[in-house]
Each structure stands twice: as structure tokens, then as C-alpha cells.
Amino acid sequence: SATGYGQQTAAILPRLKAAGHDVACLAFWGLEGGIIEMDGIRFYPKQFHGFGMDAMLPAYQDWRADMMITLQDIWILDPGMLSRIRWVPWVPIDQEPVEGGPPLPTWIDDRLKVAWHTIAMAKFASRMIAERGYPFTYIPHSVDTNVYQPLDKAQAKVALGFSPNDFVVGMVAANKSAYPDRKGFTWALQAFRTFHQRHPNAKLYLHTWMGPQYGGFDLSEICRHLDIGLATRFPDQQKYHWGMSPQWMAITYNAFDVLLAPSGGEGFGIPAIESQACGTPVILTRYTSGPELCGAGWLVEASNTWMSPLITAFAMPDGASIVEALEQAYEANTKEMTEQAREFALPYDHDRVFKEMWQPMLQQLESELVPPEKRIQLVPSLPMLQVVEALPPTPNGNEPMELEVPILPVESIQLAPED
């Protein structure tokens, strides 16, 4: 899919395969009905659960997998099912603890207890997981810095329908949740109204779905109400729905003078790195992963927090702080900011992250797997099968069981640990 998680999956799968791993993918969005093969990789479809939970164990067993790496919110997954597999969540933590609450939200803690290993996608998440003592590896999301790179800004602005002299403020965020407004659309639009009144050449580009059909805001109506409709542009909505290419997104980021992302909380925040890889500075919230991703840009403060249904805290970005950050961006030295942004983003390149972070972690995890010679081996002892070598305890601490099962004569059978 064209989502951030979809793009990360598309980047990591071929690299895993090229590194010699037998890899398959469970696609809980966009694939239903049957298994397909693409570029030598098997894709399993979702079943009935909206986030693929009921398809995880069948796909894991069918592929005879050594581990399952998930990239999704984990609060919707059943810990009982997760305890039956070698589960390695690449986990987003986009909320902070409520005052007086536990250091790690319960809905994360209860699931990480049964994880074989955890991947933290942000340093913010790393600190929270480390405090609980769970084994983890920090691996951030990454981008293709050969695609996301500085281009001619004047030409990029014209490509999006702006004048080269316009000061373009851009947002790249999914308009999927109106209440709460986690992506910060309402605060951003009200702040831009104030900023536009001071600087009539300021324009706003919202790379998102403009209507409420996905459960978000009617952004076009809000812009009309705030009297910034004529200063605001959206992408072609049909093309946006189908998904736009990374090459077009690179042009989009290059058209921006600044990326505005005053989110109430992010597990990572891929647009911040994509933007800076293109040389465009960012405005992020001083909350969750925001500070670690702001290499070239400005941080806005939170005026307050609100409690989510998961009993965690999201930020409410301060409108005056957003306006002040926009003013600083308007006066910034463009050349210096471009160089600073690009340099900051380069370590997040796909190939570099895979080589320096993914491969060492996978080698470590592979060394902890039960070697083939230590797996259960069954030989015939008619009319029963007899266990002749017991499997060591599972990663989750369950003791192996010896079973005698009536079966027809066989030569020999080998079972993987999960069987």
C-alpha cells in the first residue's frame, strides 16, 4: 500500500530476500481471497480480523517460519496467540504515559511480555522499552535517499501549481481520525490562517484526503470557513487514493519551504525524514519521537495533553508556537537549512539501515534459534511414533511434551519447534 508502513514493508522485503532469507508476507490490507507470489515472495491474505490477527498463526505455520516480524499497532493483537509464535514486533509507541501512570502503557507491556525480541522504531520507544527490561533492538524507519533528494525548488513549486515566489507550507499526513486530531490538522490550519494574514504569499499544500470519508475532517470546508481556501491546494484526490510514486513525493517535498507536522504523537514520522532528505526543513512537536527527528527545523510546544481510550497521553500542540515556528522558517537561510536537512537524513537511507542495523540483529536472532540437529526427530515405532530427541523449552518458557500418536508407517518426520 501507499501508507508509511506499506512503504517500509516494500523496502525491507526484497532486501531480506537478497540477503538469503526465505521470506513471506502477511498482507492484512489490500489482499483477500488467496495466496499470491510476486518477485519470488509469497503473500498471504487476511482472513476475517481487520488487522490480520486470525491469519497470523496459519501463515506462520504454513511457511514453517522461524520468526514473525510485525509492523503494526500491537494493542489490537491477542497475547495468547502471540505466545504461540516467535514474535518480533517492530513496534510503534506514539503516546506518552499519563501522569502517575506506568512507564510503559499496559496495552504495550502485556504484549511485549510474550515477544521473543522487540524492534523499537524510535529512540523514544527504545527508552520506554529499556525501562521495562525487555530485549530489544533500535531500528528506525528509512527512506530511499537516491529518490528523496534536493531538486530544483522553483520547478517543483510550478509542478504543484504554485508560483516560484510563493512560500509553501506543506503537510503530509493521513486524514483518518477527526476526534482525536492526532495529526494536528485543526491546530495547523488555524495557525496557518494567522501566518497567511501576515504573509499573503504564503500557500498551504495538504497532501491528504480532503473529505471525511476515512473518518477524518472535511478539510476543504474547514479551509473555506477559515478563509484560507484560495491559499490551499490538495493533490488530485483520485491519484492520492491510488497512491503516488516516491518520485512524485520527492517533487512534492521539494516544493515545500517547510514541512508542518504538529502531531499529537508519532511512533516514528516518516514524512519528517523524507522531507529532510529532500533538503526541506520541518516543524515537529516536542513530543514522543518529534525531537529526535528534527535535524533541521523547529519544535513546537504542547499546550496540554489529552487522555486516549488506551489511558495514555497525546499532545495538544500550541497554536502560537506553531505560528512562531512558521515565522522562523519564513526568515531562515534556505541554503544552510537545505544542507543541514540533507546531512541529517542520510543515515536513514534504506541500504545503510539494513546493513548497519537489520543484518546484525538478524544474525544475533538466528544464533539463538534451535539448530536443525536439535529439533524433534520422529522415527517409526509401529503402530506408534516415538519421540527420540526432545525439543528444548520454547522461547516463551513452555516445556516440550512427548506425544504418542497412531499413524501409518513412515520413513521419518522432522518437526520444527512450532509444530
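At 35% relative accessibility, E301 counts as partly exposed, a class that lies between buried (under 20% relative accessible area) and exposed (over 50%), computed with a 1.4 Å probe on protein chains only. The structure is a predicted model, in which local features need pLDDT of at least 70, side-chain atom pairs count only at pLDDT 80 or more, and totals for chains, interfaces and linings use all residues. Residues are numbered from 1 along each chain as its sequence is written, and side-chain values use heavy atoms, with hydrogens and water left out.

The side chain of E301 forms a salt bridge with that of R286, with an N to O distance of 2.8 Å. This pair links distant parts of the chain, 15 residues apart: E301 belongs to the loop between β14 (297-300) and β15 (302-307), and R286 to the loop between β13 (282-285) and α12 (290-293). Helices (H or I, at least four residues) and strands (E, at least two) are DSSP runs, numbered from the N terminus. R286 is also partly exposed, at 43% relative accessibility.

A salt bridge is taken as a side-chain nitrogen of Lys or Arg within 4 Å of a carboxyl oxygen of Asp or Glu. By this rule, the count is 15 salt bridges. One of them joins the side chains of E266 and R182 at 3.6 Å, N to O. E266 is in the loop between β12 (258-261) and α11 (270-277), while R182 is in the loop between β9 (167-172) and α7 (185-198), so the pair ties together parts that are 84 residues apart in sequence. E266 counts as buried at 17% relative accessibility, whereas R182 is partly exposed, with a relative accessible area of 23%. Both residues belong to a network of salt bridges that links D94, R182, K183 and E266.

A further salt bridge is formed by the side chains of R352 and E356, at 3.4 Å from N to O. These two residues lie four residues apart in helix α15 (residues 350-367) and are therefore separated by about one helical turn. R352 has a relative accessible area of 38% and is partly exposed; E356 is partly exposed as well, with a value of 48%.

T252 is located in helix α10 (residues 246-255). Its relative accessibility is 0%, so T252 counts as buried. When residues up to four places away in sequence are not counted, T252 touches L160 and Y205, contact meaning heavy atoms within 4.5 Å.
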